[in-house]
Amino acid sequence: MNERPWTTDSPSDASGSSSRDEPLAAGLAPEDGLAVDRRGFLKVLGFGAAASLAACERVPVHHVLPFTIAPEHVRAGLPVEYAGTCTACEARCGLLATVRDGRPIKLEGHPDDPRTRGGLCAVGQADLRALYDPDRLRAPTAGGQPTSWTALDQTVRRQLDELREQGLSFLVVTGRETSPTARRLIESFVTDRGQWIEIDLQPQSPQAPIEAYQTLTGSRLQPVVDWSQVDQVVSFSSDYLGAGADPVANTRGVADRRRQAKERGALTHVQIEGSRSLTGAAADRRLAANADERRSLALRLLGEVAARTSESDLATSLKAALSGLSEDEVATRRAQTLAVELLAAGPKGVVVCGDDDPTEQLAVAAINHMIGAVGRSLRLEEPLFESRPRSGVGALRAALADESLGGILTIDVDPVRQLSDGEAVAQRIAALPLSVAISARPTATTRACRLVAAAHHGLECWGDHQRTADRLQIQQPMIQPLFESRAPYENLLQWSGADATDYRTHLKESWEAHVPRPEGVGFDQFWHESVAAGATALPVSEGVASPSFDWTDALAAFRRSAAAVPAPATSVLELELLAEVALRDGRRAHVPWLRELPDPLTRVSWVPVFRISPALAERQGIEDGDELEVQIEERSIRLPARILPGQAEGVVGMPIGYGGEGEDPAWNAYRLTTLAGEGMKWTVAITSLRKTGAHEKLPLMQVWSSTEGRPIVYQVSKPDEAVHAPHHPAASLWKDREKKSPQWHMSIDLDACTGCGACVVACQVENNIPVVGEQGMRDHRDMHWLRIDRYFMGEADDPDVLFEPMMCAQCDHAPCETVCPVTATAHSADGLNQQAYNRCVGTRYCANNCPYKVRRFNWFDYRPKDPVEQLVLNPEVVVRSRGVMEKCTFCVQRIQSARLTARKSDQPGAPKVQTACQQSCPGAAIRFGDATDPEGDIATDRHEPRAFQVLAELGIEPSITYLARVRNRASSEADSSSGSKPHGG
Amino acid sequence: MLTTEPGGVTTATAPREWSPTRRIHALIFSDPERTVQAVRLLKSRNFIVVDVHTPFPIHGLEEELGLRPTRLGVVTLVAGIVGGLIALWFQIWVHTVDWPIDIGGKDDLALPGLVPVTFEMIVLAAALATVFGLLWRRGLYPRLEGERVALPHSRVTDDRFAVLVDERNARFDPRRFVETCRELEVEEVIEGWKVQ
Amino acid sequence: MAVTEVPWEQRTEAAAEEPLLTGTPTFTSITRDISAPLERRASLAWWVAFLVALSMLGLGFWLVVDTIRTGIGLWGLNRTVGWGFAITNFVFWVGIGHAGTAISAILLLLRQRFRTSIARAAEAMTIFAVMCAGIFPLIHMGRPWLAMWVFPYPNSRGALWLNFRSPLLWDVFAIGTYFTVSLLFWYVGLVPDLATVRDRASGIRKRIYGWLSLGWNGSTRTWQRYEKACLLLAGLATPLVVSVHTVVSFDFATSVIPGWHTTIFPPYFVVGALFSGFAMVMTLLIITRRVLHLEAFITVGHLQAMAKIILATGSLVGVAYGTELFMAWYSGNPYERFTFFNRAFGPYAWAYWLMVFCNVIVPQIFWSARARRSIAVLFTASILVNVGMWFERFNIVATSLARDFLPSSWSHYTPSWVEVGILLGSFGLFFTCYLLFVRFAPVISYHEVKHTLAEQQSGDSEHAHD
């Protein structure tokens with residue numbers, strides 16, 4: 001689209017009344033089939049006697065109104081894009097929602113967000129389905145019974161007053177709150193009433209490094225990596241590309257840096273971790289190590305770095321402090337290699353750490369200090385929102401234990417599920433005189449609380465969010481609320497007796513008062529522009545003055561820790577609780593798209609598994625799917641095993657995202673966590689592990705992990721190294737067909753692909769791809785048009801991981817086309833392998849004859865039946881019926897729409913099209929375009945030495961080109977391209 | 001027209017219309033070789049043997065009877081050629097004229113792929129033509145109730161052989177006929193089995 | 001007439017040709033003996049067999065209805081293995097049909113007189129087997145209610161024709177033609193015999209057989225054209241029998257999947273089809289001659305002749321397996337090599353070795369004349385051969401798909417009980433039809449047997465004159 005109206009607030013209306021700049025919040029309910037917002041509606045009101053319609057009521061309106069005067073920018077049947085902020089996690093990526101006829105149908109990353117530049121992760125993509133979740137709370141409840149908002153408000157206000165009279169305190173619990181306005185609101189709400197505690201209940205918490213810098217500098221500082229400056233990164237368990245704190249931005253940063261390898265040299269990445277993470281899969285080198293080994297390696301590395309830096313007081317004292325480390329030849333050699341490399345990179349090296357161990361964090365901070373990374377590849381920033389005196393899980397426990405606690409309010413958090421003693425917490429909450437939960441969905445906490453305020457989904461409410469100091473993002477509603485829910489913080493306005501109880505009004509007032517705006521710009525204009533752009537720039541305060549370090553405490557910690565390092569090869573088993581890419585901490589575990597998204601590494605969907613190392617499996621005779629019982633003191637958990645090469649031998653991995661509402665509570669890994677200071681400890685010692693004898697067939701997307709030596713995926717050891725793919729057949733039996741522009745092709749850079757799965761979900765959302773469920777996945781009946789194959793290569797114990805996104809290659813000589821008896825699939829003039837769903841009779845011959853196995857068959861009627869669920873469907877794409885074959889067509893609906901736009905505006909040449917997968921890719925690994933354009937992306941990529949096509953030797957002429965993964969390794973022994981020899985095709 | 005009563009084993013029913021010049025007599029035998037000999041003898045004596053009904057085909061009889069070779073083979077050949085040409089033409093028309101689309105990058109006119117259907121249509125057309133040619137030429141069709149089948153003898157589909165002699169012949173000598181029948185040891189003679 | 005079977009010990013091995021009719025039959029006795037099963041009340045054995053077959057058919061029917069109502073998801077197929085039992089059964093049944101045509105057409109052209117007694121039953125078997133076969137491609141469709149779309153009929157949507165290059169469409173024409181021609185051939189062959197039944201019957205049976213026998217009266221003029229027509233049909237059916245399984249093999253041979261994409265498939269499939277078909281004829285005839293007391297017509301000589309064919313085709317099939325393995329190795333193509341290695345040593349190895357045992361090893365017993373003449377050995381071997389041939393198709397269809405190009409997609413196919421039930425149902429359909437056939441139509445051609453008898457007699461008399 002040429003013009004992107006990202007808000008219905010047009011500047012020309014800037015002087016209008018406040019009710020005019022509410023984009024969609026007050027439109028008619030979507031089930032009325034009319035896309036009218038309030039403004040449009042008001043215009044229509046003047047048209048006739050329909051004025052009696054209650055515009056703001058959400059009862060179904062049965063009158064049909066002429067759409068004579070359409071709301072601005074809205075035309076029935078045409079999508080409009082609105083800017084916003086993704087609220088699926090605390091990364092708060094910029095969002096661009098495609099809204100059609102009053103309902104958002106696709107979420108994409110905002111290309112103007114400087115951190116993500118258009119990328120959006122799988123969870124963000126899938127957040128749309130959380131909006132149209134039929135199981136959402138549809139009205140407030142009291143004691144489990146639906147109630148009215150008036151009644152609820154009265155009860156809460158009265159009880160809050162009673163608490164104050166009785167001198168009992170009130171506790172507000174939230175997750176990490178990123179909205180300045182909400183923070184101010186909560187602060188003022190808890191004033192005189194009690195306290196507010198923020199809890200962060202995920203591994204890889206950004207709090208741990210902040211604590212380390214607190215120890216070192218006395219001030220809370222947050223290390224932020226500037227990927228453009230990095231040549232060498234050593235990561236201790238930090239999953240910055242996967243389920244860590246800000247994966248989209250990191251992936252983009254790393255990918256952009258790796259793309260410059262030819263000019264600037266490679267970005268080399270070493271990962272040290274216990275369970276294989278996406279970041280570990282992307283690493284050029286990887287060391288498997290359990291928690292103790294990681295800490296000791298960090299200390300040894302620090303020691304080696306200190307030993308190699310010029311003599312200074314600090315280096316001397318560090319060496320002294322670390323002299324207590326036990327002898328361990330292997331670990332020392334590892335540390336030496338890393339130290340040499342890091343020191344060679346100097347300030348362009350950086351060490352990151354995702355572990356919860358304070359000493360390890362201190363060691364990492366010290367290494368970064370020693371190599372001079374701070375200020376170059378690493379910035380120390382003052383974290384936003386560090387004003388609260390007490391926070392964290394420890395504070396929450398203390399507050400709950402406090403006798404004087406009289407009431408609790410949880411906002412969008414689920415402490416009952418996410419604390420190890422959740423049952424006790426639930427009892428405590430239930431015993432309080434006042435317990436309120438604000439939540440969009442039923443959770444263990446809403447069950448424990450007497451009063452439940454049904455909350456809007458993030459796409460239904462206003463808000464603002466801040467992740468970096470220089471940018472304040474807007475969250476605006478994309479749809480009329482579906483249910484009798486309320487914006488979460490509107491409740492606080494109601495209960496605190498504020499004048500303006502409308503959260504939008506409050507937000508505007510807050511902005512007017514607090515957000516600095518450019519000179520000479522009126523607030524209305526400023527507001528409009530900010531809403532339209534989805535964000536506003538904030539004046540950047542000068543960077544943190546270089547802090548003064550005090551090493552006393554750190555040295556003491558190092559000394560203590562060095563002495564406590566256990567001897568190597570102690571066979572301890574530890575359980576590592578980890579966040580998976582799709583489910584993370586389980587907040588969106590109810591979204592079927594995420595459940596069905598196979599974990600990139602285990603390739604298991606729907607159910608949690610224990611990840612175990614091949615060595616452990618061999619020792620105990622465990623096979624995939626064998627049920628294991630892991631005993632942790634008196635708690636025990638039973639899950640099926642999944643053998644994952646690369647898992648540290650003594651480390652058993654367990655995902656934390658499971659066991660929420662409606663699921664087996666035994667899956668809830670939070671029950672096994674322990675406290676570590678204000679945070680949580682994510683590794684626990686296993687008391688015993690045994691096979692129960694039960695076995696199940698896992699819902700595996702991919703059973704086979706090896707390439708079997710086939711020439712189907714490659715990695716090279718230098719960015720300009722060529723791939724030796726099998727030669728293509730030179731001759732064809734048929735004359736080549738004339739290839740007119742455009743011929744759509746795709747190229748996928750495996751070096752930028754982390755396997756995160758954002759494209760898979762984006763494709764699923766865009767193309768109405770059904771969910772087949774757990775049994776369907778067990779039966780290998782996944783419907784994903786785009787899947788990410790994962791292959792292991794190299795050593796059996798810790799192999800390289802290669803990801804290869806696989807979708808229809810739109811072969812020019814497609815084997816699927818010739819075999820269809822009814823010509824349901826044929827080739828288009830622009831090179832697409834088309835599928836006419838309504839012609840398909842379902843012989844499945846095409847799928848059999850597809851060498852890539854990318855065609856998908858509707859085994860059952862998978863169409864959504866629930867009317868709320870149906871709202872998610874993209875009207876541009878046919879919903880396939882039972883018994884037909886379906887497949888990727890390079891988002892043909894987007895191509896068609898772009899063609900129409902181009903034709904209307906007489907643009908010459910091939911239209912610019914972004915496929916859904918391409919758009920979402922955080923690493924920008926996917927490029928799409930016209931292959932006949934000699935200057936285009938595709939032609940460029942196809943001439944790369946790393947370029948190869950999968951199975952092109954069959955003569956099928958696929959339209960997807962892959963660029964091999966680069967593993968930066970000293971020697972070319974890393975070139976383990978599977979089938980090194982070309983073979984006849 | 002049909003005069004034979006089924007089940008009448010030994011005696012022929014009297015023809016309703018006695019017309020000495022328009023009768024066909026059936027000579028019943030129970031041995032195929034005898035039957036052939038009978039035909040040979042009858043023909044040598046200038047009797048006109050119009051047909052022989054047998055429970056199974058007796059090779060050589062058609063020569064004795066002087067039947068022309070059947071032209072069914074020609075029908076088969078022509079039908080096969082026509083069927084094949086139509087099938088081939090239709091496929092080519094579909095793929096090049098009426099609906100030329102890119103299927104697997106192949107030429108619109110990709111002849112090898114059209115061979116199987118063409119072949120099958122040759123066989124189908126030829127077989128249908130052969131069978132329906134046979135049925136039409138010999139008047140074979142499902143007999144409805146009441147329609148009787150022209151059987152000279154009820155066991156002619158079992159173990160009897162019926163030689164039909166036409167007396168519509170100026171030289172037909174009833175006396176000589178009776179003599180010949182006696183000479184042939186005819187098991188049974190159905191006089192005037194058929195009257196035309 | 002006392003029909004007795006001469007024990008094989010009393011016969012001279014040297015006899016080049018077994019008598020094709022034993023005892024002292026006459027035209028009258030032939031009619032009587034062959035008509036007997038049609039004219040007496042059905043035996044208890046027949047009823048038991050019929051009810052068993054009918055219940056299997058009912059089960060199959062119900063499961064097919066369930067599949068059409070609920071979806072192909074009821075089967076064990078998955079995104080990698082799109083064809084399983086259904087297509088295996090399809091190829092199996094088409095193959096079974098081949099022996100019927102081979103016996104009736106090819107042996108007719110080759111003037112093999114031993115065919116007479118067994119041709120009718122074999123042809124009937126062909127018809128029923130092709131019916132069973134035809135059901136599977138239909139019900140395996142995701143939307144079988146749109147099955148008519150595979151026929152090229154004009155429609156209101158403008159140019160919307162078929163893809164005449166699709167092997168599946170070739171199947172439609174090949175199977176359609178095969179069924180039609182087989183049916184015509186069979187029915188044309190039945191007409192004189194139906195007339196025989198008609199002339200022995202009375203009442204409603206007479207009316208029905210009268211209708212069916214098309215006014216047949218045994219005229220020499222009719223016989224003349226009839227024999228010509230049969231010869232022509234045999235001539236047409238002969239290339240057809242070769243082409244049908246060739247076309248079926250194209251389903252696989254023209255694809256790109258390793259294990260399917262093989263030039264040896266057409267002859268391999270045709271030979272395999274004859275092999276399994278003769279085995280099925282053997283099974284059926286051993287039961288039929290016993291139950292219907294037709295030992296005089298279907299003699300051990302017939303069975304022995306078929307055993308020799310089974311030995312020959314079985315050995316050919318064995319050669320084909322070997323060739324296939326050799327070509328996979330010799331091609332140097334890693335995908336091909338893997339596929340065949342996987343067939344023999346992968347998760348479906350048991351099916352592969354079962355196939356090799358049943359199809360290659362078992363028939364070798366027929367080198368022994370003693371085995372060729374033992375009803376028990378013949379019966380067991382014929383059943384084993386069919387088991388083996390079913391697994392041959394299963395190996396081709398399922399194991400190739402389960403392990404194709406990209407290991408990421410590899411999976412395993414296990415049939416659901418619905419598929420097993422539908423396979424049983426197809427056997428139910430087959431045997432229901434066959435049992436009805438032996439009750440209501442002459443299992444052996446009267447006129448051909450009588451013809452053979454006449455030839456034997458004339459031969460004897462000529463012999464006597466010499």
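Before the first number, one term: buried area is the accessible area that two parts lose on being put together, summed over both. Please also keep in mind that what you see is a predicted model.

I start with chain C and chain B. The area buried between chain C and chain B is about 5,700 Å². Carbon and sulfur atoms give 67% of that area. In residues, 57 from chain C are in contact with 70 from chain B.

Which side chains meet in a salt bridge here? They are C:Arg221 and B:Asp51, at 4.0 Å from N to O.

Which elements of chain C give two or more residues to the side that touches chain B? They are helix H1 (27–39), helix H5 (167–200), helix H6 (203–212), helix H7 (220–253) and helix H15 (446–465). The largest share comes from H7(C), with 18 residues. Sorted by class, the side of chain C that touches chain B has 28 nonpolar, 19 polar and 10 charged residues.

Next, chain B and chain A. Here 10 residues of chain B are in contact with 11 residues of chain A. The buried area is about 1,100 Å², and carbon and sulfur atoms give 56% of it. How many salt bridges are there between chain B and chain A? The count is three. One salt bridge joins A:Lys735 to B:Asp107, with the closest N and O atoms 3.9 Å apart. On the side of chain B that touches chain A, four residues are nonpolar, two are polar and four are charged. Seven residue pairs are in polar contact across this interface, again with both at pLDDT 80 or more.

Last, a surface feature of chain C. C:Leu59, C:Trp62, C:Trp417, C:Val420 and C:Leu424 form a nonpolar patch on the surface, and together they have about 500 Å² of accessible area. Helix H2 (44–70) and helix H14 (417–440) of chain C each give two or more residues to the patch. H14(C) gives the most, three residues. C:Trp62 is found in helix H2 of chain C.

That is the end of my part.

Definitions and conventions: Residues are numbered from 1 along each chain as its sequence is written. Chains are lettered from A and ligands numbered from 1 in the order in which they are written. Side-chain values use heavy atoms; hydrogens and water are left out. Patches are made of residues with over 30% relative accessible area and no salt bridge: like charges are joined within 9 Å, nonpolar side chains (Val, Leu, Ile, Met, Phe, Trp, Tyr) within 5 Å. Accessible areas come from the Shrake-Rupley method with a 1.4 Å probe; for residues, only the protein chains shown count as cover. Helices (H or I, at least four residues) and strands (E, at least two) are DSSP runs, numbered from the N terminus. Contact means heavy atoms within 4.5 Å. Buried area is the accessible area (1.4 Å probe) that two parts lose on being put together, summed over both. A polar contact is a pair of N or O atoms within 3.5 Å; within protein, one must be able to donate a hydrogen and the other to accept it, and residues adjacent in sequence count only if both atoms are side-chain atoms. Ala, Val, Leu, Ile, Met, Phe, Trp, Tyr, Cys and Pro count as nonpolar, Asp, Glu, Lys and Arg as charged, and the others, Gly among them, as polar.
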